[in-house]
Amino acid sequence: MNCNIAVIKGDGIGPEVVTEAMKVLNAVGKKYGHTFNYEQLLMGGCSIDKHGVPLTDEAVERAKANDAVLLGSIGGNTQTSPWYKLPPELRPEAGLLKIRKELGLFANLRPAYLYEELKDACPLKEEIAEKGFDMMIMRELTGGLYFGERKTEEVDGVMTAVDTLTYNENEIRRIAIKAFDIAMKRRKKVTSVDKANVLDSSRLWRKVVEEVAKDYPEVKYEHMLVDNCAMQLVKDPAQFDVVLTENMFGDILSDEASMITGSIGMLASASLNETKFGMYEPSGGSAPDIAGQNKANPIATILSAAMMLRYTFDLDREADAIEAAVKKVLEEGYRTCDIVSEGTQLVGCDKMGDLVAERV
Ligand code: IPM
Ligand code: MG
């Protein structure tokens, strides 16, 4: 198969971790007879430095011309980087929001899975970690507070800021359908998370999810308030299969879910639209404090590449091979510094990539 991939390495640890994911993809290509063609594009701080904007229209067009996007991370230290002296619409994150919107990537899949080998790195009590967990956070990605109208202005002499949380029923329906479809391929349970005791947008969310659920009689579903969900994630994460939620709640809950896997450096993600096109990226940020030091954990990005093979290219066997290779490397005791523990072997980012690539 011939696969055309737009590669956005981005800022911070992005270039390091994407390089390792490409190494693993190339090993897959060699073994299974596929060709991966890469087109490198700029987004984030590196695009600001070169073009004065975090994402050019041309880069968007080039991304669309490929089958998928493999992304590292964007942004820098918000306290010290000159990028954060720019107006909000010119900062690195604006590039990420623009590409999500322009490519229509409304469904963000963030799997959080506790590897047997990483139970020591899990910050939860042993009796909780022991049970393990395997959940898929389905975050709506192109609506809600992130894309509602916002402004800061003086009202009656007082500075006032407004952000708007808007959802229409179609936006809710399409992400709910994706969540139930995915649940059908997993353990057939959906937990829809909202704040329906306060927010109108959540009450509409609940109503539409209930309508969609009628078409999936085999799927058990429940509603959960977001504050309770935050608590349940650390109390009993094993209860969750698919967690369906809006943009902002999903942003927060997915960081929490990633932390209980041991490290945010383990969490892959896929952002999908109605077609086979997808953007694949680690859920973690650009980690400017460790950038360029060969310390980053490339596993989240490598697993994101596996998701790309599965969801965009329908190469399930190859995706399985990458996931099995990661598991093998962990079983053999290799760890980057974020997940290292007593009795394991510390390796750098590039070595971790080599080890996985050798085992696909
Ligand atoms: C994420 C990130 C982004 C988000 C930021 C960088 C805008 O936190 O992908 O979770 O909030 O969506
Ligand atoms: Mg986030």
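Arg359 is partly exposed, with a relative accessible area of 25%, where buried means under 20% relative accessible area, exposed over 50% and partly exposed in between (1.4 Å probe, protein chains only). This is a predicted model, in which local features need pLDDT of at least 70 and side-chain atom pairs count only at pLDDT 80 or more, while totals for chains, interfaces and linings use all residues. Residues are numbered from 1 along each chain as its sequence is written, and side-chain values use heavy atoms, with hydrogens and water left out.

Helix α12 spans residues 349–359, helices (H or I, at least four residues) and strands (E, at least two) being DSSP runs numbered from the N terminus. Its buried residues are Cys349, Met352, Gly353, Leu355, Val356 and Ala357, and what covers them includes α1 (14–32), α10 (299–311), α11 (316–331) and β13 (334–335), contact here meaning heavy atoms within 4.5 Å.

Arg359 takes part in a salt bridge with Glu332, at 2.8 Å from N to O. That pair links distant parts of the chain, since Glu332 sits in the loop between α11 and β13 whereas Arg359 belongs to helix α12, 27 residues apart. Glu332 counts as partly exposed, at 35% relative accessibility. Arg359 also meets the side chain of Glu358 in a salt bridge of 3.3 Å, N to O, and Glu358 is exposed, with a relative accessible area of 58%. A salt bridge is defined as a side-chain nitrogen of Lys or Arg within 4 Å of a carboxyl oxygen of Asp or Glu, and by this rule the count comes to 30 salt bridges.

Another of these pairs is found in helix α6 (residues 169–184), where Arg173 and Glu169 lie four residues apart, about one turn of the helix. An α-helix has 3.6 residues a turn, so residues three or four places apart point the same way. Arg173 is partly exposed at 24% relative accessible area, and Glu169 is likewise classed as partly exposed, at 40%. The three pairs described are listed below.

| Salt bridge | N to O distance |
|---|---|
| Glu332 and Arg359 | 2.8 Å |
| Glu358 and Arg359 | 3.3 Å |
| Arg173 and Glu169 | 3.1 Å |

Salt bridges also form a network, which links Asp134, Arg186, Arg187 and Asp241.

Not counting residues up to four places away in sequence, Ile175 touches Phe106, Ala107, Met138, Arg139, Glu140, Trp205 and Leu244. Of these, Ala107 is 68 residues from Ile175 in sequence, with 6.0 Å between the two in space, C-alpha to C-alpha.

Ile137, in strand β5, is buried as well, at 1% relative accessibility. With neighbours within four places in sequence left aside, Ile137 is in contact with Asn108, Leu109, Arg110, Val243, Leu253, Ser254 and Ala257. Ile137 and Val190, 53 residues apart in sequence, are separated by 9.9 Å in space, C-alpha to C-alpha.

**A negative patch on the surface**

Asp120, Glu126, Glu127 and Glu130 gather in a patch of negative charge on the surface. Such patches are made of residues with over 30% relative accessible area and no salt bridge, like charges being joined within 9 Å and nonpolar side chains (Val, Leu, Ile, Met, Phe, Trp, Tyr) within 5 Å; Lys and Arg count as positive and Asp and Glu as negative, with His and the chain ends not counted.

Ala287 has a positive phi of about 40° although it is not a glycine, and Ala287 lies in the loop between β12 (278–280) and α10, where Ala287 counts as partly exposed at 24% relative accessibility. Asp314, also not a glycine, has a positive phi of about 55°; Asp314 is placed in the loop between α10 and α11 and is partly exposed, at 48% relative accessibility.

Notes
Chains lettered and ligands numbered in written order. Areas by Shrake-Rupley, 256 points an atom, 1.4 Å probe, with all protein chains shown as cover. Charge placed at Lys NZ, Arg CZ, Asp CG, Glu CD.
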